[in-house]
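Welcome! Please open the structure shown here and keep it beside you while you read this briefing.

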Amino acid sequence: MSSSKPDCFRRQVVKMRSPLSRLTLRIRGAGVPVAGLLVMASAGAYGQEAVSGAGPETRVSIVPRVSITETLTDNVRLTSTGQQAEQITETSAGIRISINGAKLKTFFDYSLRNVMYAQSSSPDSTQYQNGLNTFGTLEMVDHWAFVDFSGAISQQAVSAFGTQSIDNTSINANRAEVSNYRLSPYVRGRLGGLVSYEARYTRTVTSSDAVAGSNVATSDGIVKISGDSSFRNLGWSADASQQDVNYSAGRPTEADRLNLGLSYLVTPQFIVSANAGREANNYTSFDKQSYDTSGFGMNWSPSEMTKLSASLSHRSFGDAHSLNFAHRTARTAWTYTDSKDIVVTPNQIGFASLGSIYDILFSQFASIEPNPLARAQLVNAFLQANGVSPNTSVISSVLTSAVSLQRRQDLSFALLGVRDTITFIATRGEISRLDILSTGVDDFTTSSLVRQRGFSVSYAHRLTPDYSLSILASQQNTSGDLSLQATTLRSLNANVTGKVGKRATVSVGLRHVVSSSDTSPYVENAIIGSLNVQF
């Protein structure tokens with residue numbers, strides 16, 4: 001690269017007004033496909049950036065939007081007999097805000113959807129649905145006191161054995177609006193330059209509008225200290241934690257843990273660790289019982305593009321483990337995770353997420369933009385311009401009313417070409433109730449184990465700089481102890497998306513869904529058209 005090219009880039013930056021356009025120039029040097037550059041540059045024109053009075057480093061991006069979607073379906077109630085056709089009109093207003101300041105860093109995306117049924121198929125001719133994805137950090141005291149927060153609102157299945165649906169506008173009693181909010185204040189620092197400490201309190205609340213659903217509130221407190229020893233490359237740590245979990249339709253549980261650990265830096269890229277401690281909980285008893293715990297782990301990061309971590313621990317309920325592998329190049333992203341541990345709700349949310357495909361691209365774009373706020377903007381712009389749905393999930397979450405034990409494996413791959421984007425996601429999971437004393441009613445009232453597996457393949461092709469074609473195929477299998485609890489859900493979606501004017505996009509799509517089940521089989525076909533305008 002000649003020495004004059006960076007100067008040329010800087011001159012181009014001055015001419016570009018939006019933050020996404022400036023990021024696009026940095027992406028070119030990282031070797032990202034031209035399609036991605038065009039997408040992000042065009043999407044950046046919608047962003048409105050302002051500099052607040054908090055300092056020159058603060059960036060605020062505000063993107064309001066409105067949309068209207070018309071759906072023609074031949075089976076709005078998702079039934080095997082007496083199918084009813086329906087014309088569904090969905091209007092939506094939303095806003096996306098990103099603040100990247102010295103004290104506050106946050107991403108906020110909210111939408112309110114109004115769903116109307118022309119043939120009055122639903123008892124409520126008009127329904128309202130909320131959608132939220134937000135996360136961020138507020139620095140309360142310089143370099144010492146912070147607050148992390150996140151939130152999500154989405155449509156979710158109540159039962160894994162009930163009717164499963166692809167679209168949120170179908171009339172399905174097995175779906176509910178689920179919200180999750182997390183607030184986590186903490187302090188961290190160093191004592192005498194030798195010992196690092198962190199004290200954190202986390203409050204998480206999950207609720208739904210389902211009559212049979214159980215709301216969950218958890219409180220977690222943890223104190224950690226760590227430091228170096230007199231031996232080279234040897235470190236130590238200690239942590240104590242306490243957790244309270246309360247279910248509105250189940251019984252409360254408590255857990256206390258104390259851990260002591262050692263870590264050894266074999267090389268700057270390879271670390272091994274071991275720990276031992278004590279745990280007391282009432283997961284399987286009315287009163288707390290105490291147990292010994294132990295474990296070991298490793299972290300290997302040969303480069304910024306490749307990371308591998310693994311851990312194995314012995315807990316009160318048996319062995320728990322975690323395996324995480326991630327590798328990315330300029331055009332690909334590979335991830336594999338395998339975990340077994342206690343969960344308060346399936347697919348617990350630490351930071352809110354828009355969906356599986358969103359997560360893959362969010363990881364892939366890490367080499368382009370390390371700042372998570374700016375990266376979220378890039379991912380949203382890329383998905384929108386390529387006509388790829390971010391909300392695709394391979395297996396659906398379900399509502400539970402007691403502490404559970406979950407084993408889950410996820411494999412994903414993404415390929416970003418010059419004009420083509422391919423994603424593949426495969427998931428397998430098993431979840432069972434750990435708290436057998438709970439009287440809460442959920443899927444584990446009739447089955448000791450819920451098994452789910454599935455996959456999705458997405459292909460997006462840019463027909464022109466402004467128009468793209470996307471195809472999504474997916475399958476989900478669910479089973480329990482009884483043969484009647486086996487369900488297979490297959491879907492095929494095709495969609496064409498394009499720009500009409502500077503601020504509007506239009507899309508037209510077809511959907512075919514087949515649900516094979518002894519209790520709730522159905523076939524549904526639909527035509528969907530939508531118009532989205534960003535300001």
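The protein chain has five helices and 23 strands; both are DSSP runs numbered from the N terminus, with at least four residues (H or I) for a helix and at least two (E) for a strand. This is a predicted model, in which local features need pLDDT of at least 70 and side-chain atom pairs count only at pLDDT 80 or more, while totals for chains, interfaces and linings use all residues. Residues are numbered from 1 along each chain as its sequence is written, and side-chain values use heavy atoms, with hydrogens and water left out.

**The chain as a whole**

- Of the 535 residues in the protein chain, 47% are buried. Buried means under 20% relative accessible area, exposed means over 50%, and partly exposed is in between (1.4 Å probe, protein chains only).
- The protein chain has an accessible surface of about 25,200 Å², and 59% of that belongs to carbon and sulfur atoms. Such areas come from the Shrake-Rupley method with a 1.4 Å probe, and for residues only the protein chains shown count as cover.
- Among contacts with a separation of 6 or more, 56% are between residues 24 or more positions apart; a contact means heavy atoms within 4.5 Å.

**Aromatic rings**

- Rings of Phe, Tyr and Trp (its six-membered ring) pair if their centres lie within 6.5 Å; planes under 30 degrees apart count as stacked, over 60 as edge-to-face and the rest as tilted. By this rule there are three aromatic pairs.
- Why is the pair of W334 and F413 called tilted? The ring centres of W334 and F413 are 4.3 Å apart and the planes are at 50 degrees, so the pair is tilted.
- This pair links distant parts of the chain, 79 residues apart: W334 is in strand β16 (residues 332-343) and F413 is in strand β17 (residues 404-416).
- W334 is partly exposed because its relative accessibility is 40%, while F413 is buried at 18%.

**Charges over rings**

- A charge sits over a ring if NZ of Lys or CZ of Arg is within 6 Å of the ring centre and within 35 degrees of the ring normal.
- R188 lies over the face of F146, 4.6 Å from the ring centre.
- R200 lies over the face of Y186, 3.8 Å from the ring centre.

**Salt bridges**

- Side chains of opposite charge can pair when their charged atoms come close. A salt bridge here is a side-chain nitrogen of Lys or Arg within 4 Å of a carboxyl oxygen of Asp or Glu.
- How many salt bridges does a search of the whole structure find? The search finds 17 salt bridges.
- D167 and R511 meet in one of them, at 3.6 Å from N to O. D167 is in the loop between β6 (145-157) and β7 (175-191), and R511 is in strand β22 (residues 504-517), 344 residues apart. Both D167 and R511 are buried.
- E254 forms a salt bridge with K288, with the closest N and O atoms 3.3 Å apart. E254 is in strand β11 (residues 253-267), and K288 is in the loop between β12 (270-281) and β13 (289-303).
- E254 counts as partly exposed at 34% relative accessibility, and K288 counts as partly exposed at 35%.
- D341 and R315 also meet in a salt bridge, at 3.4 Å from N to O. D341 is in strand β16 and R315 is in strand β14 (residues 306-315), 26 residues apart.
- D341 is partly exposed at 32% relative accessibility, whereas R315 is buried at 9%.
- R65, R96 and D109 are linked in a network of salt bridges.
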